[in-house]
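Here are my notes on the model you sent over. Have the sequence and the 3D view open while you read.

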Amino acid sequence: MCFLNKSRCICASIPKLTLKTRLCLVVHAKELKRTTNTGRLAVTALTNSEMRIRGVEGDAVDLSDLLVPEYRTVLFYPSENALELNAEFVAADPRPIQLIVPDGNWRQASKVHYRHHELAEVPRVMIKEANKSLHHMRAETTAEGMATLQAIAEAFGITEGAEARKALMDLYEAKLKATLEGRSIKI
């Protein structure tokens, strides 16, 4: 599950969170081969979640079945027209939120935004806070850049509260620490 060396495995510390907010991780197939992928940890931790794999040649992914009235579906992607995911946004509609999260490198993740025409009318949301972390799993190209699990933790902190954020951030920190220790970097 965590794809770390057995000596650094964090699988036993993955929480099981049952929350109202639903997660659909739309991950690029090439991203699943990376040991630094954190999105799949979110899917493992969040019982109300699923993962869709895109980028497999000859296998187009249709996300239209995610557009259901019982959820307020949003695409977690910082496009120019993205709204800030904050308490006011959450309070504006009583339905639970379904967060569609593209996962992959920046180029791969950005393609979900414009290649999936079934999501054309789905509002884009983003977090406007800068990433203040001192250590990163991968190099970040923007001040807001975060690992997928880190961004999901921030989003769930807004939609579900501080306890959900803490549980997911603790998982992210465990993955980050074990990964960096594997590179002989102490944090």
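1. Two strands count as paired here if DSSP finds at least two bridges between them. Helices (H or I, at least four residues) and strands (E, at least two) are DSSP runs, numbered from the N terminus.

2. Before going on, a word on the source: this is a predicted model, where local features need pLDDT of at least 70 and side-chain atom pairs count only at pLDDT 80 or more, while totals for chains, interfaces and linings use all residues. Residues are numbered from 1 along each chain as its sequence is written, and side-chain values use heavy atoms, with hydrogens and water left out.

3. On its other pairing, β1 meets strand β2 (residues 49-54), again in the parallel sense and over six bridges. Here V26 stands opposite R52 in β2. Together with helix α1 (residues 39-45), β1 and β2 make a right-handed β-α-β unit. Right-handed means that, with the strands pointing away from you, the path from the first strand over the helix to the second runs clockwise.

4. Is β1 buried or exposed? Seven of the seven residues of this strand (residues 22-28) are buried, so β1 is largely enclosed by the rest of the structure. The cut-offs are under 20% relative accessible area for buried, over 50% for exposed, and partly exposed in between (1.4 Å probe, protein chains only). R22, C24, V26 and H28 point one way, L23, L25 and V27 the other way, and all are buried.

5. Now zoom out to the whole sheet. Six strands form an open sheet with parallel pairing, in the order β2-β1-β5-β3-β6-β4. The edge strands are β2 and β4 (83-84), each pairing on one side only. Two bridges join β4 to strand β6 (residues 124-126), and these two run parallel. L83 has V125 as its bridge partner in β6.

6. On to charges: the structure holds six salt bridges, counted when a side-chain nitrogen of Lys or Arg lies within 4 Å of a carboxyl oxygen of Asp or Glu. In one of them, the side chains of D65 and R52 meet at 2.8 Å, N to O. D65 lies in the loop between β2 and β3 (72-76) and R52 in strand β2, so the pair ties together parts that are 13 residues apart in sequence. R52 counts as buried at 14% relative accessibility, while D65 is partly exposed at 48%. R22, E50, R52 and D65 are linked in a network of salt bridges.

7. E154 pairs with R165, the closest N and O atoms being 2.7 Å apart. E154 sits in helix α4 (residues 148-159) and R165 in helix α5 (residues 162-182), so the contact ties together parts that are eleven residues apart in sequence. K166 and D170 also meet in a salt bridge (2.7 Å, N to O). Those two are four residues apart in helix α5, so about one helical turn separates them. R165 is partly exposed at 32% relative accessible area, and so is D170 at 41%.

8. M51, I53 and V56 make a nonpolar patch of about 210 Å². Patches are made of residues with over 30% relative accessible area and no salt bridge, with like charges joined within 9 Å and nonpolar side chains (Val, Leu, Ile, Met, Phe, Trp, Tyr) within 5 Å. Accessible areas come from the Shrake-Rupley method with a 1.4 Å probe; for residues, only the protein chains shown count as cover. M51 is found in strand β2 and is partly exposed, at 33%.
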